[in-house]
Amino acid sequence: MRSEVGTTVKLSNYAPAAYLVPAIDLTFRLDPKRTIVRAVMQVRPNLGTPPGTELVFDGDGVEMLDLKLNGEPIEAKTSPDELRIENVPHEAFTLEIETAIDPEANLALSGLYRSNGVYCTQCEAEGFRRITYFPDRPDVLSVYSVRIEALADQAPVLLSNGNPGESGALEAGWHFAEWHDPWPKPSYLFALVGGDIVGSFDTFTTMSGRTVDLGVYVERGKEDRTGWAVDSLKRSMKWDEETFGREYDLDVFNIVAVSDFNMGAMENKGLNIFNDKYILADPQTATDVDYANIETIIAHEYFHNWTGNRITCRDWFQLCLKEGLTVYRDHEFSADMRSRPVTRIAEVRTLKVAQFPEDAGPLAHPVRPTSYREINNFYTATVYEKGSEVIRMLRIVIGEKAFQSGMALYFDRHDGDAATIEDFLTCFEEASGRSLSQFALWYHQAGTPQVTAQTAYDEQAQTLTLTLEQSTPPTPEQNEKEPVHIPISFALFGAGGEELAVPNQSEAVRDNVIHLTDREMTIEFQEMENRPVLSLLRGFSAPINLNFDQPIEDRIFLARHEGDLYTRWQALDRLATDAIISSYRDSGGEQLASGTDALLDLYGEMAADERLDTAWRALALSLPNETTLVREIERNANPDAIHKARETFFHAITSRHGEAFGILYESLVSNEPYSPDPQSAGRRALELALLDYCTMAENSGERAKKLFDEADNMTERAGTLEVLMLRRPASQETAAARATFEERYGSNPLIMDKLLGMVAKIPGSDAPERVRAAMTHPNYVETNPNRVRALIGSFAAGNPTGFHQPDGTGYRLLAEVIGRVATRNPQLAARMATHFRSWKGMDSTRREAAHQTLLELRKTSGLPLDVRDILDRTLS
Ligand code: ARG
Ligand code: ZN
């Protein structure tokens, strides 16, 4: 086992591997408790490795059974976490290593483990060393040949990376299958699956006319829920060909869904392994949101085949090279499959709920970090989501043409490489002929830049002057920040709502984008006969906090007339956020902020405007998230008062529009059979958003219960139940609906997770008790990450009043779970521990309670490094 304190790995200490492994043959003899792994590796010293250099391979808890060099037994220093051989030849040689591992005892779900009787692997980031000794780092690329042996009845299906080879029966009920992957890959992309799983098959013909066999495997009995995954996969493959010219490169592409998985999914070459939550779908069991998530995660993992696998990372500091870029690609895919503005709204909401708080707290780190103690703690919203935003900005900064040729150059030049962010940026510098040295700060500086904007209109001179000022707050280990290159998309509107043409002024103000590169900048718009309305940060062109003291009338105007639907939503969201925060500040949320009349009217208008996409209207009606509101408060936040302020605002909309919303709601209820397409999903989203308001307006759960009873699909069943549980937790309708739901779906854990999530989110002081009660439910199995995330994750991240109880009961509940989970599954426990990240922004009572809880938790003996790292940083 690795040490508890760990060592800090630094980017500045990067050195190439001393020994490379161009090829590896692996033989697995699968056994639940004692799997034997035989590895035959072709090893050679790297260029520049001096003769006599000791060979050091990584291990993690593996038992060495046999070791031979060029066929001869050899002396070595072996411990469970390292293999050291002093005298190796200074030329190519063969190393044979036999190890034993225990898949069933592997509850960390890293390396080779068993999930519901299915053998599977998760090797990213450092799981391969839990299988055999190896230079387990992404810049060591090998060609893998794999032979799997297993009892035929226990594991009739045997899969690994690449293309299938021989397979057949062996003695005593055993059988085998061989796989060969011709593409050299790092060990983190290795995968193996063995189990009684069932495949759904299809084919895809690539742009050059090759046929690829597709398989989506699930646990027996779930095979009729794979259709959407197969469909999403085919659309992803087509899209990557059409959009980026990327073709798939093996004869088969397999996906396996398992029920115990630490993350969403994993892009192992030719054998993606998924959390089954992101594969299984049919109208009866999955919601519209599930359908959308499956589509985007399938795309994400598939797109990794080029951005991640064909071009991989030199070291783990470059994680964003594959993750940020691949998130960007899956966002683009979703935008093309669905409505672009609607997907953009969802992206920005996620960014603000998950990444902005991270960037504003003790866990803030650059998109490309320079040091880590535990790499698994850097699979963060910053690396993924901000990493994607940076690419999005790059496209704006250098323009469409240069961006496309930069991507083409990157694919061409670095195919087969383990590359760096510098390699990536150089391609775009060459393609655009511009220096990106300032732009690169987005990768190196942590913290969300703050931009303050001010305008002044001079009637006489007919000019509008805009002053911009940027600064980035200090973050851990980075006090001083340089100004960054911020592309601010903008438009000017005339009084009639028409967009005014803005001539290019300079390099810095062109094509309706302001390139803010200095700390301060002043721009003058001339020949403005009337004061125009300025729309700033259109499309959320940069991940910044914009502090623009814009008159409310102007924002209302934009919420009505902005032609870009994302930005129209942004104006509305800003208005609502400001109104709620004013109410919080002025009256502790008891009273509505003054001057909200026009805004309240707007909600009625948008809900009813049939020219607008229904999905967009649903988003317009959903108020700013409490977590985002808490972050906007920044200091001394009182989540109870924030909740109250949001409720007060919700009530105000309800009392103004309740009746109209009821009528509108009825017009949307439809008895057409379920279809997951974006239009139908939009209709349901609007229907459920309206139902939420009606339930409050009518002070009755009748409408919700009626739809619950009549619905033919999970979206409306779960949606109505959630309205009931959150709005009317104590009502009869709620109890009845919940009982029906449990009875009908009690045997489907993924659906029960939805219920756990609802229970966790019911606000108020009794939330911790309610969550504690749910923990005793037989469905809550703490070794399964999905259960823990559904109940504990939803509670800590989605229920600010419950989690941040002033007496600390919510904090202690989370700490208890972390303590229990930590010994079994360090990664999951560490992930749960990140929910403490905003503790410093709370009021003093809560802050003190959180502080005590964190100190207590840190005293737990035997805490794994993963958790310790998060706690140390959270407390620093
Ligand atoms: N590369 C995977 C993805 O696309 C994430 C896997 C990370 N797993 C881990 N244990 N850190 O997004
Ligand atoms: Zn990824």
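Two strands count as paired if DSSP finds at least two bridges between them, and by that rule β26 and strand β31 (residues 520-525) pair in the antiparallel sense over six bridges. The structure is a predicted model, in which local features need pLDDT of at least 70 and side-chain atom pairs count only at pLDDT 80 or more, while totals for chains, interfaces and linings use all residues. Residues are numbered from 1 along each chain as its sequence is written, and chains are lettered from A and ligands numbered from 1 in the order in which they are written. Helices (H or I, at least four residues) and strands (E, at least two) are DSSP runs, numbered from the N terminus.

- UniProt, in an unreviewed entry, places the feature "domain: Peptidase M1 alanyl aminopeptidase Ig-like fold" at residues 447-548; UniProt positions are given in the numbering used here, feature names are shortened, and annotations may be inferred rather than shown by experiment.
- This span is 0% helix and 47% strand, and its end C-alpha atoms lie 19 Å apart.
- Strand β25 (residues 450-458) runs antiparallel to β26 and is joined to it by nine bridges, with Thr-455 standing opposite Leu-466.
- Four residues lie between the strands in the hairpin of β25 and β26, where Gln-462 takes a positive phi near 55°.
- Strand β26 (residues 463-471) has a covered face made of Leu-464, Leu-466, Leu-468 and Gln-470, and an uncovered face made of Thr-463, Thr-465, Thr-467, Glu-469 and Ser-471.
- Phe-540, in the loop between β32 (533-536) and β33 (545-548), has a positive phi near 50° although the residue is not glycine.
- With 21 C-beta neighbours inside 10 Å, Phe-540 counts as buried; a residue is buried if 20 or more other C-beta atoms, placed from the backbone, lie within 10 Å of its own, exposed if 12 or fewer, and partly exposed in between.

**An open sheet**

- Five strands form an open sheet in the order β17-β18-β19-β21-β20, with mixed pairing.
- β17 (197-205) and β20 (265-266) stand at the edges with a single partner strand each, so one side of each is left without a neighbour in the sheet.
- Nine bridges link β17 to strand β18 (residues 211-219) in the antiparallel sense, and Thr-205 has Thr-211 as its bridge partner in β18.

**A cis peptide bond**

- The peptide bond from Glu-124 to Ala-125 is cis, with omega near 0°, and Ala-125 lies in the loop between β11 (118-122) and β12 (142-151).
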